[in-house]
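Let us walk through this model step by step.

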Amino acid sequence: MRRPNGNIVAALVLIVILAMIVIYSIEFEELLYRYFSTKNSTGSRTPLLVYFGQHIWMVLVSSVIAVGIGVGVGIFATTKSGEEFRDPLLKVVNLGQAFPSPALLALVVPILGYGYEGALIALVVYALMPIVYNVVVGIQEVPEDIVDAAVGMGMTPYQLYKKIKIPLALNVILGGIRTALVINISAATLAAAVGAGGLGVLVVNGVRTFDMVLILQGAIPVTIMAVIAELLLKEAQSRLSF
Amino acid sequence: MAEKKDKVLFILSALGISAFFLFPLVEAKPNRIVTGEKLFALEYLGAFGALIIVGWAILLALSLYGTKRRIELASIVGIITAMGLLFLLPIGAGNILEIGANPRISFSSSFYMQVLLLYIIISTYMPRAAWSRKLKAALGIGAFLALGVSMSMGYFESLSIIKEYGVRQRQFYNNLYIHGVLTFGSVLAGCIIAIPLGYLAYLRKRLEGRIMVPLSIIETIPSLSLFGILLVPLSGLGQLPFFRSIGVSGIGWAPAFVALTLYTLLPIGRNTLTGFHSIDRNVVQAAKGMGMSRRQILKKIEIPLAFPVIFTGVRIAFIQTIGGAVLAGLVGGGGMGSFVFLGLAEASPDLILLGVIPIVFFTVVLDYSLKAFEKYVRRIVYD
Amino acid sequence: MIEMQNVTKSYGDFKAVDNLSLHVDSGELLVILGPSGCGKSTTLRLMNKMAERTSGTIKIKDKDIDSFVEEDLRKGIGYVIQSIGLFPHMNVWKNIATVPQLLGWENSSIDRRVDELLLLVGLKPENYRYKKPSQLSGGEAQRVGVARALASDPDILLMDEPFGAVDPINRLRLQKEFRQIQRRLGKTVVFVTHDIDEAILLGDRICIMNHGKVVSLDTPENVVLHSKDDFVDSFFKGEGILTILSRKNVGDYMEEIPWEGEEIVQDSTLKEALSLMLLTGEDRVPVKGGSISFNRILQVVGRDINEKA
């Protein structure tokens, strides 16, 4: 059932727009000035591309690490040898989700100092929460009788996970990854506040100096990125899960 | 069961002991500006530090030598160790007079780790303990009461975070108030907008996509971006006399309130829709058969049955908004976020904590009590 | 084929299976019958090590089950449960192919096997091969479940209330078809149920369990008619007799006396013949090649009753 899908089309259009904004960043800035000029200082700053690159890199690295750790830890917590750890793990996850993302980023500063590494760790930790939670819940929700049938047919624990549990939990797991990615794109904007760079620098500085152009230069690409991530992962969710 | 070794407790208490010895417990500064000196637990607490390590050792022993009452013992030792950790901190200040007569004590990594580990131990074992609900509640309230009373008596005076609190007491309560008003206000506004929207989507199948898709797109917009983007129309709106007179402008409470309200729409709207969808069609048919009008069905059947699910949405929106309102601090809207961002700008971890701790506290407490209320409502409605 | 000796399974102080000994012959269909919570499902699950026994020995084909690798043991035993447990993310082909794939068969032989099995359980391969479980009716799903259990051609089938979730009309058809398949293939089957009619209809022998123990183990006729046990009597309340009739084919008892009317086939059961008599009000029913009389049926049952006395 491969038909051109609304999500994909929308995502492609947005990707093109995003690419245009990044490539023609100077024209984009001029365009913004025409409509929202509050100040007329076309102060040449760091090119948008740099912030954009920092932002994407931060999101990608933290998400890849978080997915790796989160899926691993989550699966472990659903196995027989890991089931004792499930309860305490979910307590940590619940506590972690009680922290607002700016708070978590801010708390990294006293421990790890300002800068990129600290922000990256905070992003990984924050992205871990929805991933671990969804992996654990998704796998636990695989119906008992299906697992029973699979074990009764002689599947080893590894085969059980590979052929039954993970495919059936995939929808929920991908949902967790989607949440994590969207949260991460958003939280990475705040990373500017702890000196980690990214598109948030533009927004934060813009808000502080009340410079609309600056705000929009940062906010528009970030928003487009988040929507693209949401659309693509939603599509992946509906294609990969049965 | 309890006779076996407890891997979880073993690992947690082993980590606790490592954290105790390997990382600094506090950072002591002679005053606010100078960089401080990091001190390990034994350096700082001296002989008193032994009390903490005894707590950890008992936990470790409990994990290895099973007794029938391991769970209860682990909970109680966990609580005592945690309280000990907190209450010993000011005592240690007396040991480091060479740093200054009135040193400022900030928490350091070992403290955070031990608190987190103890939180995991207590929150894992307490619910399993064979104690009555009343005893558990009494223990929890007692611990917080002890903390609160000693705080108000000035016991924690030497802690830097309390010093910051002391200096900014009025600001603190003012911000707490603003944070609360912002949160309640946006959730209330969210309910007023989203519940009818959800109901409309339920009534008119055709509109479902047109209502729910925009709501979920709003939810994906990164919060800082939304706050920023809202500056544009709101500062435009602020030019008009009426809006200026009620304080609307690009900066301040207005963008925070609007953005937070927008974020509550999806959880509330979606749960309203699911709530109505989850009603058994037969019940509605039966009501129709009994001659109820459309309005009566809505009032007597549908709304009560959908209410628990809608309430879940409101709870989610609530919890999300408490945290989200931190960003109001960045756009000058006040609230606890003011401390967080001020702390970041001034490189003052204690100021950050002053903003974060109440938020986390209220999030956890509200989440717990709203969930309890939800359970109660579900019991009434469904059983 | 299956030998259980003094097997006990305890959960704490509770003994789900209590010092149970049981023997299943090759090619036999043994029904384990009992009220819920009597330990019948647990007994079944002990045989393929889905549950670990507390004590006692279990032998399959004269080999202690502990001498097998757990997974290999299960791959050699078909297993069907009430909710079927078809994998919702796999189509019918993949569901049936699961065990052959685990065993590393070649795709071409799996293809052949899947088609063969679908035909065996009465489903057209070309219509059903690529359907998803969600597109199947309850009866079709159960057929696929049976086909899946037979996929690697195991000698033994363990079935836990396999037809429990199917509606009564389809259940009867499935039961009959399954009985035929089992006879034809000569599989050894242990079949757990709480349905008395199903037990009598299918079983070569019926093992009645209560509180984790075997109360009675005998042929359906003997269990129904010659029971010396109060529990068994109370369980059947004298209702099994009609079902006994449904085990017997008209062909075996008919007479070559021609009779007017709509004929039934020789494969019909005595119960069906009796029902027809009650419906038509006549004491004789035409069968292809002859007829059968009410007296004859009374004789069949009467013989059993007399034996009892």
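This is a predicted model: local features need pLDDT of at least 70, side-chain atom pairs count only at pLDDT 80 or more; totals for chains, interfaces and linings use all residues.

Two strands count as paired if DSSP finds at least two bridges between them. Strand S4 (residues 55-60) of chain C and S5(C) pair in the antiparallel sense, over two bridges. Within this region, C:Lys59 stands opposite C:Asp64 in S5(C).

Now widen the view. The sheet is open and has four strands, in the order S2-S1-S4-S5 (chain C). Its pairing is antiparallel. Which strands form the edges? They are strand S2 (14-24) and strand S5 (63-64) of chain C, and each pairs on one side only.

Next, see how chain C meets chain A. Here 16 residues of chain C are in contact with 15 residues of chain A. H2(C) gives the most, with four residues. By type, the chain C side divides into seven nonpolar, five polar and four charged residues. Chain C does not touch chain B. The nearest C-alpha atoms of those two chains are 11 Å apart.

Turn to chains A and B. Two pairs of chains touch, and the most contacts are between chains A and B. In that interface, 39 residues of chain A are in contact with 40 residues of chain B. Which elements of chain A give two or more residues to it? They are helix H4 (83-98), helix H5 (101-112), helix H8 (157-190), helix H9 (200-209) and helix H10 (212-240). H10(A) gives the most, with nine residues. The chain A side divides into 30 nonpolar, five polar and four charged residues.

The largest nonpolar core has 249 residues. Those with the most contacts inside this core are A:Leu105, A:Leu123, A:Ala191 and B:Ala256. Take A:Ala191 and leave aside residues up to four places away in sequence. A:Ala191 then touches A:Leu105 and A:Leu123, along with A:Met58, A:Ala119, A:Ala196, A:Gly198 and A:Gly200. A second core is separate and has eight residues. Among them are C:Met254, C:Leu270, C:Ala273 and C:Val287.

The contact takes five residues from domain 1 of chain B and seven residues from domain 2 of chain B. On the domain 1 side, helix H7 (residues 160-167) of chain B gives the most, with four residues. That side divides into two nonpolar, two polar and one charged.

Finish with helix H16 (residues 349-382) of chain B, which has 34 residues. From its first C-alpha to its last, H16(B) reaches 48 Å. That is close to the 50 Å expected at 1.5 Å a residue. Which residues of H16(B) are buried? They are B:Pro349, B:Asp350, B:Leu351, B:Ile352, B:Leu353, B:Leu354, B:Gly355, B:Val356, B:Ile359 and B:Thr363.

Conventions: Residues are numbered from 1 along each chain as its sequence is written. Chains are lettered from A and ligands numbered from 1 in the order in which they are written. A nonpolar core is a set of buried Ala, Val, Leu, Ile, Met, Phe, Trp, Tyr and Cys residues joined through C-beta atoms within 7 Å. A residue is buried if 20 or more other C-beta atoms lie within 10 Å of its own, exposed if 12 or fewer, and partly exposed in between; C-beta atoms are placed from the backbone. The expected span of a helix is 1.5 Å times one less than its number of residues. Ala, Val, Leu, Ile, Met, Phe, Trp, Tyr, Cys and Pro count as nonpolar, Asp, Glu, Lys and Arg as charged, and the others, Gly among them, as polar.
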